[in-house]
Amino acid sequence: MRWSQTLIPTMKETPEGAEIPSHVLMLRAGLVGQLMAGAYTYLPLGLRALRKAEQIVREEMDRAGAVELLMPALTPISLWERSGRVEAFGNVLIQFKVRRQNRQVHLALGPTHEEVVTDLVARHVSSYRQLPITLYQIQTKFRNEERPRFGVLRTSEFLMKDAYSFDTSLDGLNQSYDKMYHAYCRIFDRCGLTYLAVEAESGPIGGDASHEFMVLADNGEDTVVHCAGCGYAANLERADIGNRIAAPPAAAAQPLNKVDTPQAGSIEAVSKMLGCQPAQMIKTLIYVADEQPLAVLIRGDHEANEGKIRRLLGAKSLALASPELIEQATGAPVGFAGPVGLKIPIWADQDVASLTNAVTGANAADAHFTGVNRPRDFEVGRFADLRNAADGDPCPRCQKSLALRHAIEVGHVFKLGTKYSDSLGAKFLDEKEQQHSAIMGCYGIGVNRIIAALIETRHDENGVIWPMSLSPYEVLLVPLNVNQTDVMETAERLYAELTSVGVEVLMDDRDQRPGVKFKDADLIGIPLRVVIGGRSLKDGQLEIKWRWKEAPEQIPLDGAVVKLADLVQAERNLGHATTEA
RNA sequence: CGGGGCGUGGCGCAGUCUGGCUAGCGCGUCUGGUUUGGGACCAGAAGGUCGCAGGUUCGAAUCCUGUCGCCCCGACCA
C-alpha cells in the first residue's frame with residue numbers, strides 16, 4: 001500500500017480526553033477514530049492489526065478442533081427470558097422493539113451468545129454420537145456499558161471470539177477446557193503479549209473451573225494477585241491468602257476507654273482524629289446473609305471479600321445491611337459499629353486475632369472505644385480468611401510474599417456445567433438411551449483488547465512498537481525524497497518485488513521532509529523500516545532499522561529483497577514455538 | 001447513578017473571573033517560491049452558528065437558566 005493512497009491520519013498532538021498510552025497512541029497513529037463514547041471506527045491501519053489478531057485466534061481455534069460459525073447479533077428477547085438473563089444483564093442488554101406487519105417484535109443485541117448457541121445445539125444435536133463439539137465465532141458484541149472508558153478497552157460494541165463446548169461428561173468438559181486453555185496460551189504468545197492465566201471465580205462447577213488471561217498493565221481495570229515465588233496467580237476476588245501466624249500480644253492490655261469522635265464515621269477520619277493507624281483499628285461491617293444479620297470484623301486497613309464470606313456461610317445472598325438495620329443492630333448510626341456488647345453473631349478475619357488495644361466503634365453515635373482487647377471485651381464466633389489479599393500478604397501455596405498488580409483481561413475460560421443446556425433444552429441421548437443435558441464450557445477473547453493491551457505494554461515515547469505478528473504492515477519503505485529519480489525508482493522496485501514475495505509493505509510516498517516521515521514511522525511502529533536515501537544509495541546500500549532497536553544498519557542493495565524477506569519471515573515465526581504459559 | 005473537569009476553524013490551546021470594534025495563536029490544509037537524513041523557510045489564501053436553546057443587556061464566547069456531548073474518579077460489570 002502507498003501511504004498517499006490510504007487514510008492514515010496521524011496526529012502530532014494528543015487529542016483532548018485521551019489519557020492512557022494505548023488510547024493516545026491508537027488515536028495519534030491513526031488506528032482508530034472515535035464516533036461517540038464507547039464506539040470507535042477502525043481506520044485502515046487499525047483494522048489490519050485487528051484482522052491479524054482475529055486470524056491468529058481463528059487459526060488456533062481451528063487447530064484445537066473448534067468449529068467456526070457465525071450467529072446473528074440480532075436476537076429475540078424470548079431467548080433471554082428463557083435463561084433468566086434479562087434481569088441478570090439489566091441495563092447492559094440493549095433491547096428495542098420494532099414493528100413487523102402490525103406485530104411488535106421485541107429484540108435484543110447479543111452481549112454474549114450462550115443462549116443462541118445452546119438453542120442451536122438443542123435444535124440440531126440429540127445424540128451422544130454428535131458430541132463432543134466446540135463451536136466458535138468471531139463477532140461483534142453489544143453491551144450498554146454504564147461507563148465506557150480507556151479508549152477501546154471498554155466499549156459498548158466490541159469484537160469477541162466466543163467459543164462454547166458441549167460434552168457428555170465432566171471428564172469430557174475438562175478435556176475440552178484444557179484444549180481451549182492451551183489454545184489461548186498459544187494465541188497470546190503469538191500476539192506477543194506477556195500474560196498470566198489467573199484463577200477466577202469458579203461458579204457452579206467449583207474447583208479449578210475458571211481462568212482469566214491477564215496482561216499486566218498499570219492502566220488495567222482488574223487487579224491480580226501474583227506470587228513471584230511459585231507462580232500462584234488469581235484475581236483479587238478469588239485470591240486466597242496464606243496462613244498468618246498470630247503475632248504475640250505486643251503490649252499489656254490497656255483499659256477499655258470510650259472517646260468522643262464527633263462526625264468521624266470512617267476509618268480515615270477516626271485514625272486522623274485519634275492519631276492511630278488504620279491497622280490498629282477494627283472495621284465492623286453489618287451484613288445480612290439469607291435474612292440473618294452478621295457482624296464481620298476486618299482490620300482497618302483491609303477490605304472485606306464478600307465472596308469469601310458468602311461461600312464460608314454457605315449463604316445464597318449476602319449484602320451490607322441497610323442503615324436502618326445497622327442502627328437497629330448496633331444502636332448507633334452507620335460508622336460507629338463495634339463488637340463490644342454486640343448481640344448478633346460475630347465473625348472475624350484472621351488478622352483481627354492478633355490485634356491488641358484496638359480501636360473500634362462504640363455502638364453509640366460520635367463515639368469510639370480505644371484499648372479494645374479480645375476476649376476481655378468481645379468474643380468472636382469464627383476466625384477465617386474474609387478479606388481481599390493485600391500487597392505483601394503470604395502466598396497460600398508457598399507462603400512467600402504476594403504482589404498486587406493491575407491487569408487487562410484479554411480472555412476468560414469458564415466451565416459452565418448445565419445451566420444453559422437445562423434452561424434451553426440442549427439434551428442428548430446416551431448409549432443407554434438415557435437423556436442428559438449437555439455439559440458446557442464457554443471461552444471468550446476480547447479481540448480489540450488484544451490490540452489495546454499490546455500497545456499498552458509495547459510502546460515508547462515516540463509511538464507504538466508492533467510485533468511482526470500483529471503489525472498492520474511488515475515493512476515500511478521510506479524513500480526520503482520522492483522527487484529524486486534514482487531514489488524513487490529503487491523504492492518502486494523494492495515495493496514491487498517485496499510485495500510479490502508476500503511481504504506486506506507500506507511505502508511512504510508522500511512528498512514530505514525526512515523528519516516528518518521518521519516521526520510518523522516511529523509513531524505507527526511498523527517493525528522493519530527501510531530507508532532509501534540518496535547518500536547510501538550512492539554506495540549501493542540501504543538503511544534498515546528495527547523499531548525496537550536504537551541503531552540502524554546498512555545492507556547492500558544487491559540481494560536486499562531476499563534478505564528483507566528472510567528477516568521478516570524469521571520475525572513472523574516468533575511465538576509459534578511457544579506452547580505453554 | 002454520585003463526585004470532578006472540559007466543550008472556541010481538522011488538531012492543540014488563549015480569551016470567560018472583570019460583557020465592548022472585523023474572535024486570536026501554534027500546528028495542519030490550499031496556492032506560489034526556496035528547501036530535502038529526525039515534525040523546514042518566505043509570501044499569500046481558505047476555513048469558526050464560540051456545543052445547543054432560552055433569558056438579561058444598547059451590546060454576550062464572556063453573566064443567568066435549561067439542555068446535549070466528551071473525559072476522569074467512584075458505584076456497576078454475564
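**Entry 1: chain A overall**

I looked up contacts in chain A first. Two residues are in contact if their C-beta atoms, placed from the backbone, lie within 7 Å. Among contacts between residues at least 6 apart in sequence, 71% join residues at least 24 apart. I noted that this is a predicted model, where local features need pLDDT of at least 70, side-chain atom pairs count only at pLDDT 80 or more, and totals for chains, interfaces and linings use all residues. Residues are numbered from 1 along each chain as its sequence is written, while chains are lettered from A and ligands numbered from 1 in the order in which they are written.

I then checked burial. A residue is buried if 20 or more other C-beta atoms, placed from the backbone, lie within 10 Å of its own, exposed if 12 or fewer, and partly exposed in between. Of the 581 residues of chain A, 40% count as buried. The C-alpha trace spans about 90 × 65 × 50 Å along its principal axes.

I listed 15 helices and 31 strands in chain A. Helices (H or I, at least four residues) and strands (E, at least two) are DSSP runs, numbered from the N terminus.

**Entry 2: a five-stranded sheet**

I traced an open sheet of 5 strands, in the order β28-β27-β29-β30-β31, with mixed pairing. Two strands pair if DSSP finds at least two bridges between them. β28 (505–507) and β31 (553–556) are the edge strands, each pairing on one side only. The twist averages 30° from one strand to the next.

I followed two pairs. β27 (residues 475–479) runs parallel to β29 (residues 528–532), and 5 bridges join them. Here Leu-477 stands opposite Val-530 in β29. β30 (residues 541–546) runs antiparallel to β31, with 4 bridges. Ile-544 has Glu-553 of β31 as its bridge partner. β30 and β31 form a hairpin with 6 residues between them.

I also found helix α12 (residues 485–500) lying across β27, β28 and β29, at about 165° to β27. Axes are lines fitted to C-alpha atoms, for helices over the stretch in contact, and angles run from 0 to 180 degrees between N-to-C directions.

**Entry 3: around RNA strand B**

α13 gives the most, with 8 residues.

**Entry 4: two crossing helices**

I checked α1 (residues 21–28) against α11 (residues 447–457). Their axes come within 8 Å and cross at roughly 105°. The two are therefore roughly perpendicular, a label for angles of 65 to 115 degrees. Pro-21, Ser-22, Leu-25 and Met-26 of α1 meet Ala-452, Ile-455 and Glu-456 of α11.

I found a cis peptide bond from Leu-131 to Pro-132, with omega near 0°. Pro-132 sits in the loop between α5 (114–124) and β7 (133–142). Another cis bond runs from Arg-374 to Pro-375, with omega near 5°.

Asp-290 is not a glycine, yet has a positive phi of about 45°. Is Asp-290 buried or exposed? Asp-290 is exposed, with 12 other C-beta atoms within 10 Å. Asn-363, also not a glycine, has a positive phi of about 55°. Asn-363 is buried, with 21 other C-beta atoms within 10 Å.

Conventions: Angles under 35 degrees count as roughly parallel, over 145 as roughly antiparallel, 65 to 115 as roughly perpendicular and the rest as oblique.
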